[in-house]
2 protein chains.
Amino acid sequence: MKDKWSRPMRIACIVDALVNQPYRVFSLGDFADYLKVARSTVSEDVAMVRETFERTTSAVVETLPGASGGVRLKPRPSPEQMRSITETLISDLQDPNRILPGGFLYMTDIIFSPSWSEVIGTYFSHLFGTLKPDYVVTIETKGIPLALMTARDLDRPLVLIRRNSRVTEGSSVSINYVSGSSSRIQTMSLPRRALSPGSSVVVIDDFMRGGGTVKGARDLLAEFEVEVLAVGVVAVTRSPRNKLVQDYESLAEVTFSSGGRNVEVRSTAHTV
Amino acid sequence: MKDKWSRPMRIACIVDALVNQPYRVFSLGDFADYLKVARSTVSEDVAMVRETFERTTSAVVETLPGASGGVRLKPRPSPEQMRSITETLISDLQDPNRILPGGFLYMTDIIFSPSWSEVIGTYFSHLFGTLKPDYVVTIETKGIPLALMTARDLDRPLVLIRRNSRVTEGSSVSINYVSGSSSRIQTMSLPRRALSPGSSVVVIDDFMRGGGTVKGARDLLAEFEVEVLAVGVVAVTRSPRNKLVQDYESLAEVTFSSGGRNVEVRSTAHTV
């Protein structure tokens, strides 16, 4: 193309690329080639993009030095935004219509809403981004949207632990585990080819009561010699106090009262 | 804030908003308020954003007239990009290591990769966007990432049909159906509160052989008086030729040969 790109148009291109693939490193040289300008011009454009995001505070634009350097965008909800998001989530979860028999909360509409799962994914990816996991792992079924969005923001593959091994996934490793809440023996399995031995992961799930599922996932991942760097769960019930796993991060703690007729939810989110 | 936003910075803000939430309509007035400039200035900025995307051809910026009007971005992979994406997908699926006993292909790594699921979601959202469904529906488990990304691009909630009803989702409607490939009777269910009667949906899934699962989903959705506007599946096996559903869109057709030792994959994608 003969026409030059004006600065506003170059900036539109750069923002489009960065926002579309957060956390991915883009080389300034690639931008310079595509936009047909000098690297120094791209540097100035990127500086202006960085300044814009410093104002909107919706993301941080990082410049990585060196030959393999470049620029990337990290979504960064401001503490105020994150607090407002958490407050909305919590007041939404407080709704007594969400209470289900047996000490559960109906959360499927939230977890499967693309906008909520994006926000929660951004939260966990921000919380766990510095750990540099090789994979994001979740356990079938309802953690999948949250884990996918976390994986997307971290630019890592998502790995799914199944409740049963499936013919469509080849040979698998399975373990039996005891569900923390129901004390029943259950199975979970992971295809052999799903991840490389010696890698590291973060585990994301939607809901935790006894912690048996997450403990099962840890045990299964140990069979692959995989290190679990962190566990992130959206909502955790206050009871039982002694979970089968101790180390986890959550967004909300749920307490049932009046024999399960009332529910109280409080934020356990960090300021990220 | 006292400082004015320069045009490049305003454009960075507008692109950030549009790209972050494709298909969502943003009012020019909201941009004008946030950026503290006249609506006519925002109009000029948006025109420049539109011109940029006309050049990159990665998306279309639409201006909607009228009082409730505004601007929105529709991702639009160019025919060349879409063809290249489909070709990569197909050559990847051709790998004989993917063949599993019983006429299945290992596809989990593709479906659960955030970048693949985003691309496939963009494809289906583009193909089905004009149908204006109220929800995107998928059937547990492996369609979830693709359906979530489709739902995100269409700005619609995702609804999940479960293989069994769960205590964590309240009262459900269940049906029994016959799996098209295994001829076994299976169950699928949907919580009563998952969607409103009289609404319309598109169904997204990863793999189809006999079509029994999609037919089951159709029958279950009929119980909710929900209209299925379209069905999108990533890979469909050539055999059996007579599927239990006729009307579906796919990206790839899979043919096994030499008694299931070889696999051939051909593109069935539309040019969108």
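Guide: Domain bounds here come from an automatic or database domain assignment. The model is predicted: local features need pLDDT of at least 70, side-chain atom pairs count only at pLDDT 80 or more, and totals for chains, interfaces and linings use all residues. Residues are numbered from 1 along each chain as its sequence is written, and chains are lettered from A in the order in which they are written.

Visitor: Which domains does the assignment give for chain A?

Guide: Domain 1 (7-75) and domain 2 (79-267). Their C-alpha centres lie 33 Å apart.

Visitor: How many residues does the contact take from each domain of chain A?

Guide: Residues are in contact if their C-beta atoms, placed from the backbone, lie within 7 Å. The contact takes four residues from domain 1 of chain A and four from domain 2 of chain A.

Visitor: What rotation superposes chain B on chain A?

Guide: Two copies of a chain are related by a rotation about an axis and a shift along it. Superposition is by least squares on the C-alpha atoms of residues with pLDDT of at least 70 in both copies. Here the rotation is 180°, with 0.0 Å of shift along its axis and an RMSD of 0.2 Å. The two copies are thus related as by a two-fold rotation axis. In chain B, the C-alpha nearest the axis belongs to Pro8(B), 2.3 Å from it.

Visitor: Is H6(A) mostly covered or mostly open?

Guide: Helices are DSSP runs (H or I, at least four residues), numbered from the N terminus. A residue is buried if 20 or more other C-beta atoms, placed from the backbone, lie within 10 Å of its own. H6(A) is mostly covered, with 13 of its 15 residues buried.

Terms used. Two residues are in contact if their C-beta atoms, placed from the backbone, lie within 7 Å. A residue is buried if 20 or more other C-beta atoms lie within 10 Å of its own, exposed if 12 or fewer, and partly exposed in between; C-beta atoms are placed from the backbone. Helices (H or I, at least four residues) and strands (E, at least two) are DSSP runs, numbered from the N terminus.
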